[in-house]
Amino acid sequence: MRLSQMLFVTLRDDPADAEIPSHKLLLRAGYIRRIGSGIYAYLPLMWRVLQKVSQIVREEMNATGAQECLLPQLQPAELWQESGRWDTYTKAEGIMFSLVDRREQQLGLGPTHEEVITTVARDMIRSYRQLPVHLYQIQTKFRDEIRPRFGLMRGREFIMKDGYSFHADEESLKKTYQEMYTAYSNMLRRSGLAFRAVEADSGAIGGSGSTEFMVLADAGEDEVLYTEDGKYAANVEKAVSLPAEVEISPFTTFEKRETPGIDTIEKLCNFLKCSPTQIVKNVLYQTVYDNGFTVLVLINIRGDQEINEVKLQNELTKLAPQFGAKTILTLTVPNVETQATWQAKSLPLGYIAPDISDDYIAVNKQVNSQFVRLVDKTAVELKNFVTGANTSGFHVVGANWGEQFTLPAITVDIRKAKLGDRSLHNPNQSLQTARGIEAGHIFQLGTKYSQAMGATYTNEQGEEKPLVMGCYGVGVSRLAQSAVEQSYDKDGIIWPIAIAPYHAIITIPNIKDVQQIEVAEKLYTELNKVGVETLLDDRDERAGVKFKDADLIGIPFRIVTGRAITNGKVEIVKRATRESQEIAIEEVINTLQQWINEAIAG
(Lines give C-alpha, C1' and ligand atoms only; values in the text may rest on other atoms or scores of the structure.)
Protein backbone atom coordinates (compact mmCIF):
# COMPACT_ATOMS: atom_id res chain seq x y z
CA MET A 1 0.00 0.00 0.00
CA ARG A 2 1.21 3.49 -0.91
CA LEU A 3 0.83 6.02 1.87
CA SER A 4 -0.16 8.64 -0.69
CA GLN A 5 -3.28 6.55 -1.41
CA MET A 6 -4.07 5.48 2.16
CA LEU A 7 -6.49 7.14 4.57
CA PHE A 8 -3.60 8.19 6.77
CA VAL A 9 -3.64 11.14 9.15
CA THR A 10 -1.32 11.43 12.15
CA LEU A 11 -1.50 13.87 15.07
CA ARG A 12 1.48 15.59 16.64
CA ASP A 13 -0.17 16.16 20.04
CA ASP A 14 -1.84 13.77 22.46
CA PRO A 15 -5.67 13.82 22.25
CA ALA A 16 -7.21 15.42 25.33
CA ASP A 17 -9.49 12.48 26.15
CA ALA A 18 -6.79 9.78 25.97
CA GLU A 19 -5.48 8.62 29.36
CA ILE A 20 -2.88 5.90 28.85
CA PRO A 21 0.03 5.69 26.37
CA SER A 22 -1.48 3.02 24.10
CA HIS A 23 -4.74 4.95 23.73
CA LYS A 24 -2.87 8.16 22.90
CA LEU A 25 -0.61 6.45 20.39
CA LEU A 26 -3.35 4.57 18.54
CA LEU A 27 -5.26 7.83 18.10
CA ARG A 28 -2.18 9.86 17.16
CA ALA A 29 -0.93 7.24 14.69
CA GLY A 30 -4.25 7.04 12.86
CA TYR A 31 -5.16 3.48 13.87
CA ILE A 32 -8.51 4.31 15.48
CA ARG A 33 -10.96 7.21 15.63
CA ARG A 34 -13.43 7.90 18.42
CA ILE A 35 -17.03 7.89 17.18
CA GLY A 36 -18.75 8.15 20.55
CA SER A 37 -18.17 7.29 24.21
CA GLY A 38 -16.42 3.90 24.19
CA ILE A 39 -17.09 3.48 20.44
CA TYR A 40 -14.22 3.46 17.93
CA ALA A 41 -13.73 3.05 14.20
CA TYR A 42 -10.94 0.63 13.30
CA LEU A 43 -9.07 2.33 10.48
CA PRO A 44 -7.09 0.43 7.81
CA LEU A 45 -3.85 0.01 9.80
CA MET A 46 -5.74 -1.17 12.88
CA TRP A 47 -7.90 -3.56 10.89
CA ARG A 48 -4.77 -5.27 9.58
CA VAL A 49 -3.52 -5.73 13.16
CA LEU A 50 -6.89 -7.13 14.24
CA GLN A 51 -6.95 -9.53 11.30
CA LYS A 52 -3.50 -10.84 12.25
CA VAL A 53 -4.46 -11.31 15.88
CA SER A 54 -7.68 -13.04 14.79
CA GLN A 55 -5.75 -15.35 12.48
CA ILE A 56 -3.37 -16.40 15.25
CA VAL A 57 -6.37 -17.06 17.52
CA ARG A 58 -8.15 -18.97 14.76
CA GLU A 59 -5.11 -21.15 13.99
CA GLU A 60 -4.60 -22.07 17.64
CA MET A 61 -8.28 -22.85 18.14
CA ASN A 62 -8.52 -24.93 14.97
CA ALA A 63 -5.42 -26.88 16.00
CA THR A 64 -7.33 -28.16 19.05
CA GLY A 65 -10.24 -29.39 16.93
CA ALA A 66 -12.57 -26.55 17.89
CA GLN A 67 -15.14 -25.59 15.21
CA GLU A 68 -15.77 -21.98 14.22
CA CYS A 69 -19.33 -20.67 14.02
CA LEU A 70 -21.16 -17.34 14.32
CA LEU A 71 -23.86 -16.69 16.90
CA PRO A 72 -26.46 -13.89 16.94
CA GLN A 73 -25.59 -10.63 18.64
CA LEU A 74 -29.28 -9.95 19.32
CA GLN A 75 -30.45 -12.30 22.08
CA PRO A 76 -33.97 -12.89 23.47
CA ALA A 77 -34.33 -11.93 27.13
CA GLU A 78 -36.08 -15.20 27.97
CA LEU A 79 -32.84 -17.14 27.40
CA TRP A 80 -31.11 -15.01 30.03
CA GLN A 81 -34.11 -15.29 32.33
CA GLU A 82 -33.85 -19.09 32.04
CA SER A 83 -30.23 -18.98 33.19
CA GLY A 84 -31.06 -16.46 35.93
CA ARG A 85 -28.64 -13.84 34.61
CA TRP A 86 -30.99 -11.26 33.08
CA ASP A 87 -31.26 -9.21 36.27
CA THR A 88 -27.55 -9.64 37.00
CA TYR A 89 -26.54 -8.24 33.63
CA THR A 90 -29.24 -5.58 33.20
CA LYS A 91 -29.56 -4.40 36.81
CA ALA A 92 -26.83 -5.66 39.17
CA GLU A 93 -23.85 -5.24 36.86
CA GLY A 94 -25.84 -3.18 34.37
CA ILE A 95 -23.54 -4.06 31.49
CA MET A 96 -26.07 -5.41 28.98
CA PHE A 97 -27.71 -3.16 26.41
CA SER A 98 -31.36 -4.17 26.61
CA LEU A 99 -34.12 -3.07 24.28
CA VAL A 100 -37.74 -3.71 23.40
CA ASP A 101 -38.67 -4.39 19.78
CA ARG A 102 -41.87 -3.38 17.97
CA ARG A 103 -43.56 -6.56 19.14
CA GLU A 104 -42.86 -5.59 22.75
CA GLN A 105 -40.30 -8.40 23.06
CA GLN A 106 -37.31 -7.79 25.35
CA LEU A 107 -33.89 -8.34 23.77
CA GLY A 108 -30.26 -7.82 24.72
CA LEU A 109 -27.08 -7.12 22.74
CA GLY A 110 -24.70 -9.95 23.59
CA PRO A 111 -21.87 -9.20 26.01
CA THR A 112 -21.29 -12.97 26.07
CA HIS A 113 -23.00 -16.05 24.60
CA GLU A 114 -23.40 -18.79 27.22
CA GLU A 115 -27.19 -18.72 26.96
CA VAL A 116 -27.26 -18.82 23.16
CA ILE A 117 -24.74 -21.65 22.86
CA THR A 118 -26.51 -23.66 25.59
CA THR A 119 -29.75 -23.28 23.63
CA VAL A 120 -28.00 -24.62 20.51
CA ALA A 121 -26.61 -27.57 22.50
CA ARG A 122 -29.99 -28.27 24.09
CA ASP A 123 -31.58 -28.49 20.66
CA MET A 124 -28.83 -30.46 18.90
CA ILE A 125 -26.92 -32.66 21.36
CA ARG A 126 -28.73 -35.84 22.32
CA SER A 127 -26.16 -38.55 23.03
CA TYR A 128 -22.77 -39.07 24.67
CA ARG A 129 -21.60 -40.19 21.21
CA GLN A 130 -21.70 -36.52 20.08
CA LEU A 131 -19.40 -35.40 22.91
CA PRO A 132 -17.14 -33.60 23.42
CA VAL A 133 -18.05 -30.64 21.19
CA HIS A 134 -16.19 -27.33 21.12
CA LEU A 135 -17.54 -24.31 19.20
CA TYR A 136 -16.04 -20.81 18.99
CA GLN A 137 -16.65 -17.51 17.24
CA ILE A 138 -14.84 -14.21 16.64
CA GLN A 139 -17.38 -11.44 16.86
CA THR A 140 -18.29 -7.94 18.05
CA LYS A 141 -19.58 -7.83 21.64
CA PHE A 142 -21.36 -5.06 23.54
CA ARG A 143 -21.09 -3.84 27.12
CA ASP A 144 -22.91 -0.84 28.53
CA GLU A 145 -19.85 0.44 30.37
CA ILE A 146 -20.86 3.26 32.69
CA ARG A 147 -17.42 4.84 32.31
CA PRO A 148 -15.74 3.69 29.10
CA ARG A 149 -12.01 4.43 29.22
CA PHE A 150 -8.59 3.63 27.86
CA GLY A 151 -9.70 3.29 24.24
CA LEU A 152 -10.12 -0.34 23.20
CA MET A 153 -9.31 -1.60 26.70
CA ARG A 154 -12.74 -0.88 28.14
CA GLY A 155 -15.09 0.09 25.35
CA ARG A 156 -18.80 -0.38 24.78
CA GLU A 157 -18.23 -2.31 21.54
CA PHE A 158 -15.27 -4.65 21.06
CA ILE A 159 -14.07 -7.71 19.17
CA MET A 160 -13.78 -10.95 21.09
CA LYS A 161 -13.23 -14.61 20.49
CA ASP A 162 -15.43 -16.71 22.75
CA GLY A 163 -15.61 -20.49 22.75
CA TYR A 164 -17.76 -23.05 24.54
CA SER A 165 -17.21 -26.75 25.05
CA PHE A 166 -19.65 -29.50 26.02
CA HIS A 167 -18.68 -32.72 27.79
CA ALA A 168 -20.05 -35.85 29.35
CA ASP A 169 -17.99 -35.44 32.54
CA GLU A 170 -15.52 -33.27 34.47
CA GLU A 171 -12.55 -35.32 33.30
CA SER A 172 -13.28 -34.49 29.67
CA LEU A 173 -13.79 -30.80 30.56
CA LYS A 174 -10.45 -30.64 32.36
CA LYS A 175 -8.70 -32.09 29.30
CA THR A 176 -10.13 -29.36 27.06
CA TYR A 177 -9.43 -26.73 29.73
CA GLN A 178 -5.77 -27.75 29.71
CA GLU A 179 -5.74 -27.66 25.91
CA MET A 180 -7.11 -24.12 26.07
CA TYR A 181 -4.49 -23.16 28.64
CA THR A 182 -1.84 -24.25 26.15
CA ALA A 183 -3.60 -22.67 23.16
CA TYR A 184 -4.01 -19.32 24.96
CA SER A 185 -0.38 -19.35 26.01
CA ASN A 186 0.54 -19.99 22.37
CA MET A 187 -1.69 -17.15 21.15
CA LEU A 188 -0.01 -14.61 23.40
CA ARG A 189 3.49 -15.93 22.74
CA ARG A 190 2.94 -15.88 18.98
CA SER A 191 1.61 -12.33 19.25
CA GLY A 192 4.95 -11.33 20.78
CA LEU A 193 3.60 -10.48 24.23
CA ALA A 194 4.99 -10.94 27.73
CA PHE A 195 2.18 -12.41 29.85
CA ARG A 196 1.36 -14.32 33.00
CA ALA A 197 -1.40 -16.91 33.51
CA VAL A 198 -3.07 -16.36 36.89
CA GLU A 199 -5.80 -17.86 39.03
CA ALA A 200 -8.91 -15.70 38.81
CA ASP A 201 -12.39 -15.12 40.17
CA SER A 202 -15.14 -16.45 37.88
CA GLY A 203 -17.43 -13.45 38.46
CA ALA A 204 -20.84 -13.37 36.77
CA ILE A 205 -19.80 -16.09 34.29
CA GLY A 206 -19.64 -18.62 37.12
CA GLY A 207 -18.08 -22.05 37.35
CA SER A 208 -15.66 -23.88 39.59
CA GLY A 209 -12.32 -22.61 38.34
CA SER A 210 -10.85 -20.06 35.99
CA THR A 211 -7.54 -18.72 34.70
CA GLU A 212 -6.83 -15.23 33.38
CA PHE A 213 -4.09 -14.48 30.89
CA MET A 214 -2.56 -11.15 31.82
CA VAL A 215 -0.47 -9.08 29.44
CA LEU A 216 2.07 -7.42 31.72
CA ALA A 217 1.97 -3.61 31.50
CA ASP A 218 2.28 -0.74 33.98
CA ALA A 219 -1.09 0.70 32.93
CA GLY A 220 -2.93 -2.60 33.52
CA GLU A 221 -6.18 -2.28 35.47
CA ASP A 222 -5.57 -5.55 37.29
CA GLU A 223 -3.07 -6.28 40.02
CA VAL A 224 -1.34 -9.66 39.83
CA LEU A 225 0.29 -11.27 42.86
CA TYR A 226 2.90 -13.94 42.20
CA THR A 227 5.92 -15.72 43.67
CA GLU A 228 9.41 -15.59 42.21
CA ASP A 229 9.60 -19.39 42.03
CA GLY A 230 6.86 -19.35 39.36
CA LYS A 231 4.62 -21.72 41.32
CA TYR A 232 1.88 -19.23 42.18
CA ALA A 233 0.17 -16.34 40.40
CA ALA A 234 -3.33 -14.92 40.91
CA ASN A 235 -5.41 -11.87 40.25
CA VAL A 236 -5.62 -9.87 43.50
CA GLU A 237 -9.39 -10.57 43.51
CA LYS A 238 -8.66 -14.30 43.85
CA ALA A 239 -5.25 -14.35 45.54
CA VAL A 240 -4.69 -16.10 48.85
CA SER A 241 -1.71 -15.86 51.20
CA LEU A 242 -0.53 -16.13 54.76
CA PRO A 243 -0.85 -12.83 56.63
CA ALA A 244 1.89 -11.44 58.85
CA GLU A 245 2.36 -13.23 62.19
CA VAL A 246 0.21 -11.99 65.07
CA GLU A 247 2.04 -10.06 67.76
CA ILE A 248 1.34 -11.00 71.37
CA SER A 249 -1.18 -8.65 72.98
CA PRO A 250 0.09 -6.42 75.82
CA PHE A 251 -3.40 -6.55 77.40
CA THR A 252 -4.07 -9.41 79.82
CA THR A 253 -7.31 -8.21 81.45
CA PHE A 254 -10.56 -7.02 79.93
CA GLU A 255 -11.11 -3.27 80.26
CA LYS A 256 -13.17 -0.54 78.67
CA ARG A 257 -10.98 2.44 77.86
CA GLU A 258 -11.76 5.94 76.76
CA THR A 259 -10.36 6.64 73.30
CA PRO A 260 -11.68 10.08 72.34
CA GLY A 261 -11.50 10.95 68.65
CA ILE A 262 -9.74 7.65 67.91
CA ASP A 263 -11.77 6.37 64.96
CA THR A 264 -9.11 4.76 62.74
CA ILE A 265 -6.84 1.74 63.23
CA GLU A 266 -3.69 3.87 62.91
CA LYS A 267 -4.86 6.34 65.56
CA LEU A 268 -5.90 3.48 67.84
CA CYS A 269 -2.51 1.74 67.56
CA ASN A 270 -0.68 4.98 68.38
CA PHE A 271 -2.99 5.77 71.29
CA LEU A 272 -2.93 2.30 72.92
CA LYS A 273 0.69 1.46 71.88
CA CYS A 274 -0.43 -1.79 70.26
CA SER A 275 -0.08 -3.60 66.93
CA PRO A 276 -2.89 -3.67 64.34
CA THR A 277 -2.53 -7.48 64.42
CA GLN A 278 -4.06 -7.32 67.95
CA ILE A 279 -7.20 -5.50 66.84
CA VAL A 280 -10.55 -6.88 65.68
CA LYS A 281 -11.87 -4.40 63.13
CA ASN A 282 -15.64 -4.43 62.60
CA VAL A 283 -16.78 -3.34 59.15
CA LEU A 284 -20.37 -2.76 58.12
CA TYR A 285 -21.64 -3.48 54.59
CA GLN A 286 -25.08 -3.21 53.03
CA THR A 287 -26.16 -5.58 50.29
CA VAL A 288 -29.31 -5.39 48.20
CA TYR A 289 -30.40 -8.67 46.59
CA ASP A 290 -32.16 -9.02 43.24
CA ASN A 291 -35.58 -9.22 44.95
CA GLY A 292 -35.04 -5.77 46.51
CA PHE A 293 -34.35 -7.16 50.00
CA THR A 294 -31.65 -5.33 52.00
CA VAL A 295 -29.29 -7.17 54.35
CA LEU A 296 -26.79 -5.52 56.73
CA VAL A 297 -23.53 -7.41 57.07
CA LEU A 298 -21.04 -7.04 59.94
CA ILE A 299 -17.56 -8.41 59.29
CA ASN A 300 -14.92 -9.01 61.96
CA ILE A 301 -11.41 -8.94 60.52
CA ARG A 302 -7.91 -8.39 61.88
CA GLY A 303 -6.95 -4.73 62.11
CA ASP A 304 -4.05 -4.91 59.64
CA GLN A 305 -6.16 -6.60 56.93
CA GLU A 306 -8.46 -5.23 54.22
CA ILE A 307 -11.64 -6.83 52.91
CA ASN A 308 -11.62 -8.25 49.41
CA GLU A 309 -15.04 -7.17 48.14
CA VAL A 310 -15.06 -9.74 45.32
CA LYS A 311 -14.59 -12.55 47.84
CA LEU A 312 -17.21 -10.95 50.10
CA GLN A 313 -19.71 -10.72 47.25
CA ASN A 314 -19.16 -14.41 46.47
CA GLU A 315 -19.88 -15.34 50.09
CA LEU A 316 -23.02 -13.21 50.20
CA THR A 317 -24.22 -14.66 46.89
CA LYS A 318 -24.09 -18.11 48.54
CA LEU A 319 -26.49 -16.77 51.21
CA ALA A 320 -28.95 -15.33 48.64
CA PRO A 321 -31.40 -18.30 48.80
CA GLN A 322 -31.88 -17.66 52.55
CA PHE A 323 -33.44 -14.32 51.59
CA GLY A 324 -35.47 -15.62 48.64
CA ALA A 325 -33.00 -14.21 46.13
CA LYS A 326 -30.62 -15.45 43.42
CA THR A 327 -27.95 -12.80 43.22
CA ILE A 328 -26.72 -9.46 44.52
CA LEU A 329 -27.65 -6.13 42.96
CA THR A 330 -25.40 -3.87 45.05
CA LEU A 331 -22.77 -4.19 47.79
CA THR A 332 -21.72 -0.98 49.52
CA VAL A 333 -20.39 0.49 52.74
CA PRO A 334 -23.50 2.45 53.79
CA ASN A 335 -22.97 6.21 54.11
CA VAL A 336 -24.87 8.45 56.52
CA GLU A 337 -27.75 9.01 54.07
CA THR A 338 -28.13 5.28 53.38
CA GLN A 339 -27.99 4.40 57.08
CA ALA A 340 -30.87 6.79 57.72
CA THR A 341 -33.13 4.60 55.57
CA TRP A 342 -32.87 1.57 57.90
CA GLN A 343 -31.30 2.44 61.25
CA ALA A 344 -33.44 2.73 64.38
CA LYS A 345 -30.80 4.80 66.21
CA SER A 346 -27.46 6.36 65.41
CA LEU A 347 -24.58 3.91 64.95
CA PRO A 348 -21.34 4.35 66.95
CA LEU A 349 -19.26 4.54 63.76
CA GLY A 350 -15.57 3.86 64.36
CA TYR A 351 -16.42 2.21 67.67
CA ILE A 352 -18.65 -0.71 66.63
CA ALA A 353 -18.10 -3.97 68.56
CA PRO A 354 -18.62 -7.54 67.29
CA ASP A 355 -21.80 -7.83 69.38
CA ILE A 356 -23.56 -4.67 68.19
CA SER A 357 -27.26 -5.18 68.83
CA ASP A 358 -29.76 -5.99 66.10
CA ASP A 359 -32.06 -3.31 67.52
CA TYR A 360 -30.06 -0.72 65.59
CA ILE A 361 -32.05 -1.97 62.57
CA ALA A 362 -35.54 -0.46 62.29
CA VAL A 363 -38.51 -2.74 61.64
CA ASN A 364 -38.94 -2.82 57.85
CA LYS A 365 -40.32 -5.58 55.61
CA GLN A 366 -37.65 -4.90 52.99
CA VAL A 367 -34.73 -5.00 55.45
CA ASN A 368 -33.46 -8.06 57.30
CA SER A 369 -34.07 -7.55 61.00
CA GLN A 370 -30.69 -8.99 62.02
CA PHE A 371 -27.11 -8.33 61.05
CA VAL A 372 -25.51 -11.13 59.05
CA ARG A 373 -22.34 -11.70 61.07
CA LEU A 374 -19.19 -13.00 59.38
CA VAL A 375 -15.75 -13.45 60.87
CA ASP A 376 -12.63 -13.57 58.73
CA LYS A 377 -10.14 -16.33 59.51
CA THR A 378 -7.54 -13.75 60.56
CA ALA A 379 -9.68 -12.69 63.54
CA VAL A 380 -10.70 -16.15 64.81
CA GLU A 381 -7.54 -17.03 66.74
CA LEU A 382 -6.86 -13.63 68.31
CA LYS A 383 -6.42 -13.53 72.11
CA ASN A 384 -6.81 -10.51 74.41
CA PHE A 385 -7.66 -8.35 71.40
CA VAL A 386 -8.72 -4.72 71.09
CA THR A 387 -12.06 -3.81 69.52
CA GLY A 388 -14.89 -1.29 69.64
CA ALA A 389 -17.11 -0.84 72.69
CA ASN A 390 -20.36 0.15 70.90
CA THR A 391 -19.98 3.56 72.55
CA SER A 392 -18.52 6.53 70.73
CA GLY A 393 -15.15 7.47 72.22
CA PHE A 394 -14.51 4.05 73.80
CA HIS A 395 -12.76 0.77 72.93
CA VAL A 396 -12.24 -2.43 74.90
CA VAL A 397 -8.90 -4.20 75.43
CA GLY A 398 -8.06 -7.75 76.54
CA ALA A 399 -11.20 -9.19 74.91
CA ASN A 400 -11.62 -12.84 73.92
CA TRP A 401 -14.01 -14.92 71.85
CA GLY A 402 -16.15 -17.18 74.02
CA GLU A 403 -15.82 -14.78 76.94
CA GLN A 404 -16.80 -11.19 76.17
CA PHE A 405 -17.89 -11.87 72.58
CA THR A 406 -19.55 -14.79 70.80
CA LEU A 407 -17.64 -15.96 67.74
CA PRO A 408 -19.92 -15.65 64.66
CA ALA A 409 -21.13 -18.96 63.24
CA ILE A 410 -19.91 -18.17 59.72
CA THR A 411 -16.11 -18.11 59.26
CA VAL A 412 -14.92 -16.87 55.88
CA ASP A 413 -11.72 -16.08 54.02
CA ILE A 414 -12.35 -12.60 52.61
CA ARG A 415 -9.10 -10.78 53.36
CA LYS A 416 -7.22 -9.14 50.53
CA ALA A 417 -3.83 -10.71 49.83
CA LYS A 418 -1.13 -8.11 49.30
CA LEU A 419 2.47 -7.46 48.37
CA GLY A 420 4.88 -8.96 50.89
CA ASP A 421 2.49 -11.61 52.26
CA ARG A 422 3.89 -15.10 52.68
CA SER A 423 2.90 -17.68 50.10
CA LEU A 424 0.71 -20.62 51.07
CA HIS A 425 2.72 -23.14 49.07
CA ASN A 426 6.03 -21.96 50.57
CA PRO A 427 6.05 -19.45 53.45
CA ASN A 428 9.64 -18.56 52.54
CA GLN A 429 8.31 -17.12 49.27
CA SER A 430 6.75 -13.66 49.58
CA LEU A 431 4.18 -12.32 47.14
CA GLN A 432 5.40 -9.92 44.47
CA THR A 433 3.13 -7.59 42.52
CA ALA A 434 2.73 -6.60 38.87
CA ARG A 435 0.12 -4.81 36.79
CA GLY A 436 -1.65 -6.69 34.05
CA ILE A 437 -4.23 -6.31 31.29
CA GLU A 438 -6.68 -9.21 31.09
CA ALA A 439 -6.45 -10.41 27.48
CA GLY A 440 -7.95 -13.88 27.93
CA HIS A 441 -10.00 -15.83 30.47
CA ILE A 442 -10.90 -19.53 30.54
CA PHE A 443 -13.57 -21.07 32.79
CA GLN A 444 -14.66 -24.49 33.95
CA LEU A 445 -18.40 -23.79 33.98
CA GLY A 446 -19.59 -27.25 34.99
CA THR A 447 -23.38 -27.63 34.80
CA LYS A 448 -24.44 -24.11 35.85
CA TYR A 449 -26.09 -23.27 32.51
CA SER A 450 -27.05 -26.73 31.33
CA GLN A 451 -29.00 -27.42 34.54
CA ALA A 452 -30.71 -24.03 34.52
CA MET A 453 -31.67 -24.34 30.85
CA GLY A 454 -32.34 -28.07 30.58
CA ALA A 455 -29.48 -28.95 28.23
CA THR A 456 -28.97 -32.69 28.67
CA TYR A 457 -27.57 -35.75 26.93
CA THR A 458 -28.19 -39.47 27.30
CA ASN A 459 -25.22 -41.42 28.71
CA GLU A 460 -24.18 -45.02 27.92
CA GLN A 461 -26.58 -46.33 30.57
CA GLY A 462 -29.50 -44.49 28.97
CA GLU A 463 -29.66 -41.91 31.77
CA GLU A 464 -30.34 -38.23 31.06
CA LYS A 465 -27.53 -36.03 32.43
CA PRO A 466 -26.78 -32.30 32.27
CA LEU A 467 -24.01 -31.31 29.87
CA VAL A 468 -20.73 -30.29 31.48
CA MET A 469 -19.48 -27.00 30.01
CA GLY A 470 -16.35 -24.91 29.57
CA CYS A 471 -16.01 -21.31 28.38
CA TYR A 472 -12.98 -19.60 26.84
CA GLY A 473 -12.62 -15.94 25.85
CA VAL A 474 -9.94 -13.75 24.22
CA GLY A 475 -10.32 -10.00 23.76
CA VAL A 476 -9.01 -9.55 20.22
CA SER A 477 -9.19 -5.74 20.14
CA ARG A 478 -7.97 -5.49 23.74
CA LEU A 479 -5.02 -7.79 22.99
CA ALA A 480 -4.03 -5.55 20.08
CA GLN A 481 -3.98 -2.42 22.25
CA SER A 482 -2.23 -4.37 25.03
CA ALA A 483 0.66 -4.97 22.65
CA VAL A 484 1.05 -1.20 22.28
CA GLU A 485 0.81 -0.63 26.03
CA GLN A 486 3.58 -3.13 26.55
CA SER A 487 5.88 -1.86 23.81
CA TYR A 488 6.33 1.81 22.91
CA ASP A 489 8.82 4.63 23.36
CA LYS A 490 8.80 8.43 23.26
CA ASP A 491 8.49 8.39 19.46
CA GLY A 492 5.63 5.94 19.06
CA ILE A 493 4.47 2.35 18.82
CA ILE A 494 6.83 -0.65 18.61
CA TRP A 495 4.71 -3.46 17.17
CA PRO A 496 5.70 -7.10 17.62
CA ILE A 497 6.49 -8.35 14.11
CA ALA A 498 3.80 -11.06 14.17
CA ILE A 499 0.91 -8.60 14.52
CA ALA A 500 2.35 -5.43 12.97
CA PRO A 501 0.11 -4.06 10.20
CA TYR A 502 3.08 -4.20 7.82
CA HIS A 503 6.53 -5.71 8.19
CA ALA A 504 8.42 -2.87 6.52
CA ILE A 505 8.02 0.69 5.34
CA ILE A 506 10.10 2.12 2.49
CA THR A 507 10.77 5.81 2.98
CA ILE A 508 11.76 7.92 0.00
CA PRO A 509 13.55 10.98 1.47
CA ASN A 510 13.33 12.97 -1.77
CA ILE A 511 10.53 12.12 -4.20
CA LYS A 512 12.12 14.36 -6.82
CA ASP A 513 15.14 12.05 -6.97
CA VAL A 514 14.49 9.62 -9.83
CA GLN A 515 17.01 7.03 -8.56
CA GLN A 516 15.49 7.01 -5.04
CA ILE A 517 12.04 6.45 -6.52
CA GLU A 518 13.25 3.74 -8.88
CA VAL A 519 14.97 1.72 -6.10
CA ALA A 520 12.00 2.19 -3.76
CA GLU A 521 9.46 1.07 -6.36
CA LYS A 522 11.49 -2.02 -7.26
CA LEU A 523 11.94 -3.06 -3.60
CA TYR A 524 8.27 -2.33 -2.86
CA THR A 525 7.11 -4.63 -5.66
CA GLU A 526 9.57 -7.45 -4.94
CA LEU A 527 9.12 -7.46 -1.16
CA ASN A 528 5.33 -7.67 -1.37
CA LYS A 529 5.64 -10.40 -4.01
CA VAL A 530 7.59 -12.66 -1.60
CA GLY A 531 5.26 -11.98 1.34
CA VAL A 532 7.17 -9.22 3.13
CA GLU A 533 4.22 -6.87 3.68
CA THR A 534 5.54 -3.45 2.79
CA LEU A 535 4.29 0.14 2.83
CA LEU A 536 5.70 2.73 0.48
CA ASP A 537 5.90 6.29 1.81
CA ASP A 538 5.75 8.14 -1.50
CA ARG A 539 4.15 11.28 -0.06
CA ASP A 540 5.42 14.72 -1.00
CA GLU A 541 6.62 15.47 2.53
CA ARG A 542 9.93 16.37 4.15
CA ALA A 543 12.13 13.42 5.08
CA GLY A 544 11.91 14.33 8.77
CA VAL A 545 8.11 14.14 8.70
CA LYS A 546 8.26 10.73 7.04
CA PHE A 547 10.75 9.40 9.59
CA LYS A 548 8.61 10.65 12.49
CA ASP A 549 5.49 9.05 11.03
CA ALA A 550 7.31 5.73 10.48
CA ASP A 551 8.39 5.73 14.13
CA LEU A 552 4.91 6.74 15.33
CA ILE A 553 3.05 3.95 13.50
CA GLY A 554 5.62 1.42 14.66
CA ILE A 555 6.40 -0.60 11.53
CA PRO A 556 9.22 -3.03 12.51
CA PHE A 557 11.67 -2.21 9.68
CA ARG A 558 12.25 1.09 7.89
CA ILE A 559 14.05 1.01 4.54
CA VAL A 560 15.48 4.37 3.47
CA THR A 561 16.43 4.92 -0.16
CA GLY A 562 18.76 7.81 0.65
CA ARG A 563 22.35 8.70 -0.16
CA ALA A 564 23.52 5.09 0.34
CA ILE A 565 21.97 4.06 -2.98
CA THR A 566 24.93 5.65 -4.80
CA ASN A 567 26.93 2.78 -3.25
CA GLY A 568 24.29 0.21 -4.20
CA LYS A 569 22.89 0.11 -0.64
CA VAL A 570 19.89 1.19 1.40
CA GLU A 571 19.67 1.99 5.11
CA ILE A 572 17.53 -0.36 7.20
CA VAL A 573 16.47 0.75 10.69
CA LYS A 574 15.02 -1.70 13.23
CA ARG A 575 12.19 0.08 15.04
CA ALA A 576 12.54 -1.88 18.29
CA THR A 577 16.26 -1.23 18.84
CA ARG A 578 16.89 1.75 16.51
CA GLU A 579 19.81 -0.28 15.16
CA SER A 580 20.72 1.05 11.70
CA GLN A 581 22.77 -0.61 9.01
CA GLU A 582 23.43 -0.25 5.32
CA ILE A 583 22.64 -3.34 3.25
CA ALA A 584 23.21 -4.05 -0.41
CA ILE A 585 19.99 -3.58 -2.37
CA GLU A 586 20.11 -7.13 -3.76
CA GLU A 587 20.36 -8.54 -0.18
CA VAL A 588 17.38 -6.64 1.28
CA ILE A 589 14.76 -9.28 0.48
CA ASN A 590 16.68 -12.24 1.93
CA THR A 591 17.75 -10.21 4.98
CA LEU A 592 14.22 -9.08 5.85
CA GLN A 593 12.76 -12.53 5.24
CA GLN A 594 15.31 -14.00 7.62
CA TRP A 595 14.67 -11.39 10.34
CA ILE A 596 10.91 -11.77 10.07
CA ASN A 597 11.01 -15.57 10.14
CA GLU A 598 13.34 -15.57 13.15
CA ALA A 599 11.09 -13.15 15.04
CA ILE A 600 7.88 -15.05 14.31
CA ALA A 601 9.44 -18.45 15.03
CA GLY A 602 11.01 -17.21 18.27
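1. The largest cavity holds about 50 Å³ of space, where a cavity is a set of points, on a 1 Å grid over the protein atoms alone, at which a 1.4 Å probe fits but cannot get out, and a volume is the space filled by probe spheres set on the points. This is a predicted model, in which local features need pLDDT of at least 70 and side-chain atom pairs count only at pLDDT 80 or more, while totals for chains, interfaces and linings use all residues. Residues are numbered from 1 along each chain, and side-chain values use heavy atoms, leaving out hydrogens and water.

2. The lining of the largest cavity includes Ile505, Ala550, Asp551 and Arg578, and its residues divide into 4 nonpolar, no polar and 5 charged. Helix 14 (543-553) and strand 30 (569-574) each supply at least two of the lining residues; helices (H or I, at least four residues) and strands (E, at least two) are DSSP runs, numbered from the N terminus.

3. In helix 7 (residues 265-272), Leu268, Cys269 and Leu272 are buried, that is, under 20% relative accessible area, with exposed meaning over 50% (1.4 Å probe, protein chains only). They lie on the same side of helix 7 because they cover an arc of only 100 degrees around the axis, whereas the face turned away from the buried side carries the exposed Glu266 and Asn270. Just after helix 7, lysine 273 takes a positive phi of about 55 degrees.

4. Methionine 453, found in helix 11 (residues 448-453), is buried, with a relative accessible area of 3%. The C-alpha atoms of methionine 453 and leucine 79 are separated by 8.1 Å, although the two are 374 residues apart along the chain.

Methods: The arc is that of the directions from the helix axis to the C-beta atoms. On a 1 Å grid over the protein atoms alone, a cavity is a set of points where a 1.4 Å probe fits but cannot get out, and a pocket is an open set with protein on both sides within 12 Å along at least five of seven lines; lining residues have an atom within 4 Å of a point. Ala, Val, Leu, Ile, Met, Phe, Trp, Tyr, Cys and Pro count as nonpolar, Asp, Glu, Lys and Arg as charged, and the others, Gly among them, as polar.
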